[in-house]
Amino acid sequence: MDGKTFVEVLKILKKESKNWNAPVVAFMGRTENNPYKVLIATILSLRTKDQITALASDRLFKVADTPEKMVKLTAEEIEKLIYPVGFYKNKAKTIKEISKIILEKYAGKVPDNLEDLLSLKGVGRKTANLVLSEGYKKPAICVDVHVHRISNRLGVVKTKTPEETEFKLMEILPKKYWRDVNWVLVAFGQTICKPIKPMCDICPVKNFCEFGKIKA
């Protein structure tokens, strides 16, 4: 599948997404395009189910939704608010440490460039790109397991790692569509194109999909 066809697929999925009850859409609503909340919620989401992440984020942000408020909490207080997310003890320490760095080094503002974001403890390319795309509305492609799996399943790329997928998609896709990739494909992956037993019979883009053609 070339870039032009992939754009057509994204447009179809974006239009269909309003019919899906996808957790990623709720995540976007909760973070309200706020770079700090996007950053913290994404850290919480790592190796954690979406429903648990959503509840933990809500509890935490009701108490502390800025780095100024967060550093006033102890690591133990953060732990209690975010439990039972995966690795909650480590994440509590990371959140407190990152919040302190944001205050001391960046005057309370989450960095708006990839290099500085990646310098923060516990922040990888997935998290950094999500902050840029959803927090700052900058062109960035956030590749998680859904995006990596579906891009390969569709036949858009032939890659072995999420990072390879990110760079390949950046090559073939016009920048104006970069921000759509994550939330559209994640919503699609959470509802239709699941890892196990994808619902190919009701897939709106099955005619474009290499996997679907093989299955048929």
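Which element gives the largest share of the lining of the largest pocket? The answer is α2, with 6 residues.

## About the model

This is a predicted model, in which local features need pLDDT of at least 70, side-chain atom pairs count only at pLDDT 80 or more, and totals for chains, interfaces and linings use all residues. Residues are numbered from 1 along each chain as its sequence is written, and side-chain values use heavy atoms, with hydrogens and water left out.

## The largest pocket

Let's start with the open space. A pocket is an open set of points on a 1 Å grid over the protein atoms alone, where a 1.4 Å probe fits and protein lies on both sides within 12 Å along at least five of seven lines; its lining residues have an atom within 4 Å of a point. The largest pocket has a volume of about 750 Å³, counted as the space filled by probe spheres set on the points, which are joined across faces, edges and corners. Of its 37 lining residues, S45, D50, K126, D144 and H146 are the closest to the centre.

Elements giving two or more residues to this lining include α2 (23–31), α3 (35–45), α4 (50–63) and α12 (178–191). Helices here are DSSP runs (H or I, at least four residues), numbered from the N terminus. By class, the lining has 16 nonpolar, 10 polar and 11 charged residues; Asp, Glu, Lys and Arg count as charged, Ala, Val, Leu, Ile, Met, Phe, Trp, Tyr, Cys and Pro as nonpolar, and the others, Gly among them, as polar.

## The second largest pocket

Here the space is about 190 Å³. I43, L46, R47, F87, N90, K91, T94 and G122 form the lining, and helix α7 (residues 88–106) gives its largest share, 3 residues.

## Helix α4 and the cores

With 14 residues, α4 reaches 20 Å from its first C-alpha to its last, close to the 20 Å expected at 1.5 Å a residue (1.5 Å times one less than the number of residues). Its buried residues (under 20% relative accessible area, 1.4 Å probe, protein chains only) are T53, A54, A56, S57, L60 and F61.

L60 is also among the residues with the most contacts inside the largest nonpolar core, which has 34 residues. Such a core is a set of buried Ala, Val, Leu, Ile, Met, Phe, Trp, Tyr and Cys residues joined through side-chain atoms within 4.5 Å. The largest share of this core, 7 residues, belongs to α3. A second, separate core of 31 residues includes L173, Y177, V186 and F188.

Key
Buried < 20%, exposed > 50% of the residue type's maximum accessible area, 1.4 Å probe, protein only.
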